[in-house]
Amino acid sequence: RPGAAAAFRVTLTGETFPSVDGFGMAITQASCYNLLKMPSADRTALLKEIFDRESGLGSSLVRVCIGGSDFSLDEFSWCDEPGLEHFGVHPLDEQYLFPVLNEIYAINPDVQIIASPWSAPLWMKVGEDGRTPHNNWVAGHLGEAYYQDYARYFVRWIQEMEHRGYRIMAVTLQNEPLHRGNSMSTYMSWQEQSNFIKRAVGPAFAAAGLKTRILLYDHNYNYDDNGPQQDYPLHIFEDPEAGRYAAGSAWHNYGGSPSVLDGVHARFPDKDIYFTEASIGTWNYSFEDCLINDFRDIFLGTLGRWGRGVTLWNLMLDYQGKPFRPKGCSTCYGAVSIDSASYSLESVVRNSHYYDVAHCSKVLRPGAVRLGTSGYTAAGLTYQLYRNPDGSLAALILNETGSDAQLSFVTGKYSVACRIPARAVQSVIWQE
């Protein structure tokens with residue numbers, strides 16, 4: 001509409017920020033197991049609801065595990081026998097992961113993947129002394145003698161996935177590298193990750209001509225309070241040999257504050273930032289609080305700090321949080337939950353993470369650029385404005401206050417007036 005109340009006007013400054021790659025959830029083996037238990041028509045309807053660009057949310061970014069995780073049906077890699085001559089697709093991924101990815105890509109062929117391993121293959125792992133074999137999926141280190149083998153493992157995994165039509169936009173080299181206690185884990189200090197990148201995996205990606213980006217770290221804002229590991233990715237960026245292979249860093253929120261990303265960007269503004277994992281569960285879940293807190297801290301908090309995208313943890317678990325592995329999370333919820341007694345679409349419960357992803361994916365297309373704004377501000381009211389590749393404009397708005405709020409976005413000849421209810425998340429899209 002022409003004109004707007006001056007007190008509520010928001011205008012463009014002409015400044016722009018990094019483009020957005022997308023938003024989504026992790027396609028874990030547990031998620032695939034539950035999805036494949038659904039009647040085919042129900043599963044297709046749910047996946048279209050999430051991934052279809054026109055009739056659904058248009059989710060365009062997902063996370064996939066390289067091998068097993070704490071939400072798989074077993075511990076495994078794609079090379080469980082010593083020697084890369086034994087490398088090959090694991091039967092559990094053939095049975096569960098690929099059918100779901102095939103259906104997702106049939107709905108939205110532009111979906112991109114961030115992939116992460118929970119553990120190196122057992123035969124590549126060593127103990128704290130760096131020499132003794134560590135025949136356990138939990139903890140251990142990647143042996144230096146296996147750097148080249150593991151680099152080739154990554155290359156072959158990516159090539160196999162892309163041969164099947166799955167777009168591997170980025171990989172991290174170890175999920176939660178400072179966490180020794182998960183059902184599958186490998187401890188990887190920043191010094192180890194730096195050496196692995198510059199001695200093996202970076203040159204291997206370059207030699208293979210891979211376009212897949214390497215993201216560092218993939219762990220918590222507070223570095224798990226591990227003093228010598230503070231500023232983990234920054235140390236690697238500082239090394240010219242290692243840093244040149246690293247496109248950016250990936251983050252989780254199980255400790256610390258997203259404000260740490262301000263320092264990361266200030267030091268290395270040319271490196272991308274992604275948020276790759278957060279969970280909800282019995283320890284923290286209130287729909288309203290999780291919806292608002294996660295939208296503020298994870299979504300607006302990442303995007304407002306030069307972030308490129310967000311993936312959350314399991315897309316789907318059953319009402320009991322299953323299936324999960326021993327030592328894994330037994331109290332987690334999926335973005336959606338389903339009744340394992342019926343596996344019907346009618347039994348699906350859409351939790352707060354579903355709606356956080358929904359608000360962003362529905363109005364922001366891959367390539368959307370965040371726009372600088374000036375004008376009306378108020379405590380408890382946060383907003384961001386974007387221009388999509390097709391020229392449409394979109395706004396993400398969070399009102400944490402106890403009263404309705406209103407804004408008018410002035411982006412051209414007209415203004416778009418929005419009224420945002422108290423304690424609400426709102427997304428808006430319009431064409432000038």
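Predicted model: local features only at pLDDT ≥ 70, side-chain atom pairs only at ≥ 80, totals over all residues.
**Salt bridges, nonpolar cores and helix packing**

The structure holds 25 salt bridges. Side chains of opposite charge can pair when their charged atoms come close.

The side chains of Arg 53 and Asp 110 form a salt bridge with an N to O distance of 2.4 Å. Arg 53 is placed in the loop between helix 2 (40-51) and strand 3 (61-66), and Asp 110 in the loop between helix 3 (91-107) and strand 4 (112-117), so this pair ties together parts that are 57 residues apart in sequence. Arg 53 has a relative accessibility of 34% and therefore counts as partly exposed. Asp 110 is likewise partly exposed, with a relative accessible area of 36%.

A salt bridge also joins Lys 198 to Asp 239, with the closest N and O atoms 2.7 Å apart. Lys 198 belongs to helix 5 (residues 190-208), whereas Asp 239 lies in the loop between helix 6 (232-238) and helix 7 (240-243), so the pair ties together parts 41 residues apart in sequence. Lys 198 is partly exposed at 23% relative accessibility. Asp 239 has a relative accessible area of 15% and is classed as buried, because buried means under 20%.

Asp 289 is partly exposed at 36% relative accessibility, and Arg 423 is partly exposed at 32%.

In soluble globular proteins, nonpolar side chains tend to be buried together. The largest nonpolar core comprises 107 residues, of which Ile 27, Phe 51, Trp 157 and Phe 196 touch the most other members. A second, separate core contains 17 residues, including Val 10, Leu 371, Leu 385 and Ile 397. With residues up to four places away in sequence not counted, Trp 157 touches Val 64, Cys 65, Ile 66, Trp 78, Phe 87, Ala 115 and Ile 168.

Helix 4 (residues 147-163) and helix 5 have axes that come within 9 Å and cross at roughly 45 degrees. Helix 4 is therefore oblique to helix 5. The crossing of helix 4 past helix 5 is right-handed. Residues of helix 4 at this contact include Tyr 147, Tyr 150, Phe 154 and Ile 158, and those of helix 5 include Asn 195, Phe 196, Arg 199 and Phe 205.

Several backbone features were also noted. Lys 322 and Pro 323 are joined by a cis peptide bond, with omega about 0 degrees. Pro 323 lies in the loop between strand 13 (316-318) and strand 14 (332-333). Asp 218, although not a glycine, has a positive phi of about 70 degrees. Asp 218 is part of strand 8 (residues 213-220) and counts as buried, at 0% relative accessibility. Asp 224 is a residue other than glycine with a positive phi, near 50 degrees. Asp 224 is located in the loop between strand 8 and helix 6 and is partly exposed, with a relative accessibility of 32%.

Key
Residues numbered from 1 in each chain as written. Heavy atoms only, no water. Core = buried A, V, L, I, M, F, W, Y, C linked by side-chain atoms within 4.5 Å. Buried < 20%, exposed > 50% of the residue type's maximum accessible area, 1.4 Å probe, protein only. Contact = heavy atoms within 4.5 Å. Salt bridge = Lys/Arg side-chain N within 4 Å of Asp/Glu carboxyl O. Helix = DSSP H or I, 4+ residues; strand = E, 2+ residues; numbered from the N terminus. Axes fitted to C-alpha atoms, helices over the stretch in contact; angles between N-to-C directions. Parallel < 35°, antiparallel > 145°, perpendicular 65-115°, else oblique. Left-handed = near helix turned anticlockwise from the far one by under 90°.
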